[in-house]
Amino acid sequence: MTPDIQTAAETGVKHIPHGPWFAVFNGNYWEVTLEDRQYAQSFVSIHKNSVIGNDPEAVAREIAALPDLLKALKTIAEYGEPYTSELASAAISKAQGEQP
């Protein structure tokens, strides 16, 4: 039996608090947390033997970088050339749930 998983739309949650986020290894899991310490409350856990890619640490670090990437996209959307601004704006909309 698999646990029930609720989507953000079902729970009413719009987003996880803005970063910084941290990738922290606790011995069995790579976790993405709001604090740079072991056993801090996490919102993503990836087991060290996970089948997600070949490198759970890399996946956790990529997820932890998302707030910084969103900030960079917002800068590109505002100050970039028209084509790159359009691409950045589309990615921002998707990240914020404004597009499917």
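## Helix H4 and its two faces

The buried residues of helix H4 pack against H3. In this predicted model, those buried positions of H4 are Ser-85, Ala-88, Ile-92 and Ser-93. They sit on the same side of H4 because the arc they cover around the axis is only 140 degrees.

As for its dimensions, H4 spans residues 82–95, which makes 14 residues. From the first C-alpha to the last it reaches 20 Å, close to the 20 Å expected at 1.5 Å a residue. After the helix comes Gly-97, with a positive phi near 75 degrees.

## The overall layout

Stepping back, the protein contains four helices and three strands.

Of the 100 residues in the protein, 21% are buried. Contacts can also be sorted by their separation along the sequence: among those between residues at least 6 apart, 18% join residues at least 24 apart.

## The three-stranded sheet

The strands form an open sheet in the order E1-E2-E3, and their pairing is antiparallel. Its edges are strand E1 (22–25) and strand E3 (42–47), each of which pairs on one side only. On average, neighbouring strands of this sheet are turned by 25 degrees against each other, with direction ignored.

Now for the individual pairings. E1 and E2 are joined in the antiparallel sense by four bridges, while strand E2 (residues 29–33) pairs with E3, also antiparallel, over five bridges. Glu-31 is a handy residue to look for on screen: this residue of E2 is the bridge partner of Val-24, and Glu-31 also stands opposite Ser-45 in E3.

Helix H2 (residues 56–64) lies across E1, E2 and E3. The helix runs at about 5 degrees to E2.

## Turns and loops with positive phi

Two places between the strands are worth a visit. In the hairpin of E1 and E2, three residues lie between the strands. Gly-27 in this hairpin takes a positive phi near 110 degrees.

The other place is the loop between E2 and E3, where Tyr-39 is found. Tyr-39 is not a glycine, yet its phi is positive, at about 65 degrees. Is Tyr-39 buried or exposed? Its relative accessibility is 57%, so Tyr-39 counts as exposed, the cut-off for that label being over 50%.

## How confident is the prediction?

Across the protein, pLDDT averages 81, and 79% of the residues score at least 70. Confidence is highest in helix H3 (residues 66–79), at a mean of 93. H3 is the helix against which the buried residues of H4 pack. At the other end of the scale, confidence is lowest in helix H1 (residues 8–11), where the mean is 54.

Residues 1–6 call for a separate mention, with pLDDT under 50 throughout. For this stretch the model has two contacts beyond four places in sequence.

Note on methods:
Residues are numbered from 1 along each chain as its sequence is written. This is a predicted model: local features need pLDDT of at least 70, side-chain atom pairs count only at pLDDT 80 or more; totals for chains, interfaces and linings use all residues. Side-chain values use heavy atoms; hydrogens and water are left out. Two strands pair if DSSP finds at least two bridges between them. Axes are lines fitted to C-alpha atoms, for helices over the stretch in contact, and angles run from 0 to 180 degrees between N-to-C directions. Contact means heavy atoms within 4.5 Å. pLDDT is the predictor's confidence in each residue, from 0 to 100. The expected span of a helix is 1.5 Å times one less than its number of residues. Buried means under 20% relative accessible area, exposed over 50%, partly exposed in between (1.4 Å probe, protein chains only). The arc is that of the directions from the helix axis to the C-beta atoms.
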